[in-house]
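Please look through the sequence and the model shown here before reading on.

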Amino acid sequence: MGIALPRFLLNIDGASGGVLLIWIVGVCILLPLVAAVVYLSRSSKYTGNYVKNDTLGAYFHLMKPSLAPSKVMEVFIKAAEFVEIPVRRSDDEPLQKLFMAVRSELNLDLKNIKKEQAKFWKQHPALVKTELLIQAHLTHETANLSPDLERDCMRVLEFAPRLLEELVKAVPLSTRKSEGIAPFFQLPHFNDDIVKKITRKKVSTFQELQEMTIEERAVLFSQVANFSASEVEDVENVLKLIPSLTVEVTCGTEGEEAIQEGDIVTVQTWVTLKRANGLIGALPHAPNYPFHKEENFWCLLADSNSNSVWFSQKISFMDEAAAVTAASTAIEERMEVLGASPKETSSAIREAVEKVKNGCRLAMGKFLAPAEGNYNLTCYLLCDSWIGCDRKSSLKLKVLKRTRAGIRDGQMTDGGLIPEGGIDEEEEIEEEEDIESEYSEDEEDAQDTNKKGRANGRVHDKSGSESSGSDEE
């Protein structure tokens, strides 16, 4: 009891007993209890991605199909995390200077510039600061920030990836537009003047630039953009990092040839990534971002006509071991549902593992088949780190009217929902007992009939119902 305790707690007169009791109760009971209460109260305010529930609610409320892409920034800064950024009186003058530096990026109506400026400054001070700091980062105007604003800017940038990930989930599909010349600014040493010079030489899109040979790009960069040999090499290194993606998506009901209303439909999507430098997992080119950033991709199966997403899953190419485990588990579960043999299951798993090691990732999920009809779906593959590498693939889904009773585990049937365990064992035993009792009763009655020598008669079962019998020789 006395090991590692202070000497004053070990007085033999017993006067330290109360102190020891208070110490035990306070440190061993009250302190962990208070810590648990504080943790639970704080964690209840956040989603699994460490984004506040208030932020998520605001994004889903403000992101509407009719929202113009130029207004997305106004929605992004409405995050509750940004509202908590401290506002100081000493920031007024630096923010006024920053406003004049980035005013052209704020989507203000130049015809009513005074009214627009007054409206901008009437917003919550923390939101005004957040938008100005984001625009300063995007336009590389952070060099003249005060020390306090630099710390605030770092805090905004730290929150940004998590908030953008939640915002992607809320962006309606109809608001996704062409990127234009934005992909060019991912490359080092590029600015507005360089892009104008490049696009005048029959390179109007970023894809056209990527499809050129190295020699053709070297001539273009050196003669048109006036890049040095080292600058040309920098640009080529980044171009080799930009991924090229392909998507293969299939939908079907396990064990059935056609999809009917109410069926559980399985989506299987294989995403293949290739880079010119041969890498599979790589960090994006983000020299001005001060934190660690990984590539993430979102696979969405959506109906563009109704502007709704049926299936979504996040994909990463960084952790190959985790991808192998996930693909193996998904394939094993699917083969088990199909009733495949162990040999067939092992072969399918080996094939999936080989595809993962060659740069593929598997995204699988389920959704409930909608009403009867033909659906033109689109599989979107969206990247959160590169502009211009998003892909989409069309998929036609035909749903038939329900004509069969579902016999698979846990599927809705015409008469209701069959439980996953099927028919209870007790019910099966009762049916067997009923069958055996009926046969045994018939045999006994037949024997009695033969003994009495009756030609025809009636035989009664346990329930009192009658069945006709006949003579047996």
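R151 and D148 form a salt bridge, in which the closest N and O atoms are 2.1 Å apart; the term stands for a side-chain nitrogen of Lys or Arg within 4 Å of a carboxyl oxygen of Asp or Glu. Side chains of opposite charge can pair when their charged atoms come close. R151 and D148 are three residues apart in helix α8 (residues 147-170), and therefore about one helical turn separates them. D148 has a relative accessibility of 23% and counts as partly exposed, where buried means under 20% relative accessible area, exposed means over 50%, and partly exposed lies in between, judged with a 1.4 Å probe and protein chains only. Helices and strands are DSSP runs numbered from the N terminus, a helix being H or I with at least four residues and a strand being E with at least two.

Before going further, note that this is a predicted model, in which local features need pLDDT of at least 70 and side-chain atom pairs count only at pLDDT 80 or more, while totals for chains, interfaces and linings use all residues. Residues are numbered from 1 along each chain as its sequence is written, and side-chain values use heavy atoms, with hydrogens and water left out.

By the rule for salt bridges, the count comes to 14. One of them joins the side chains of R217 and E236, with 2.9 Å from N to O. R217 belongs to helix α11 (residues 214-223) and E236 to helix α12 (residues 229-241), so this pair ties together parts that are 19 residues apart in sequence. Both R217 and E236 are buried. Another salt bridge links R402 with D263, whose closest N and O atoms are 2.5 Å apart. Here R402 lies in the loop between β8 (391-400) and β9 (412-413), and D263 in the loop between β2 (259-260) and β3, so the pair ties together parts that are 139 residues apart in sequence. R402 and D263 are buried as well. Salt bridges can also be joined to one another, and R88, D91, K129 and D152 are linked in such a network.

Which residues of helix α2 (residues 53-62) are buried? They are T55, A58 and Y59. These residues cover an arc of only 100° around the axis, which means that they sit on the same side of α2; the arc is taken from the directions that run from the helix axis to the C-beta atoms. D54 and H61, on the other side of α2, are exposed.

Helix α13 (residues 320-338) has 19 residues and reaches 27 Å from its first C-alpha to its last, close to the 27 Å expected at 1.5 Å a residue, where the expected span is 1.5 Å times one less than the number of residues. Among the buried residues of α13 are A323, V324, A327 and I331. The cover over the buried residues of α13 includes β3 (264-274), α14 (342-357) and β6 (360-368).

Turning to the surface, L21, V25, I29, L30, L33 and V37 form a nonpolar patch with about 540 Å² of accessible area together. Patches are made of residues with over 30% relative accessible area and no salt bridge, like charges being joined within 9 Å and nonpolar side chains (Val, Leu, Ile, Met, Phe, Trp, Tyr) within 5 Å, and accessible areas come from the Shrake-Rupley method with a 1.4 Å probe, with only the protein chains shown counting as cover for residues. L30 is found in helix α1 (residues 17-43), and L30 is partly exposed, with a relative accessible area of 46%.

In strand β7 (residues 373-383) we find N374, which counts as exposed at 65% relative accessibility. The C-alpha atoms of N374 and V399 are separated by 6.3 Å, although these residues are 25 residues apart along the chain. Leaving aside neighbours within four places in sequence, N374 is in contact (heavy atoms within 4.5 Å) with L397 and K398.

Finally, consider a residue in a loop. N226 is found between α11 and α12 and has a positive phi of about 60° although it is not a glycine. N226 is exposed, with a relative accessible area of 55%.

Taken as a whole, the protein chain has 15 helices and 12 strands, and 34% of its 473 residues count as buried.
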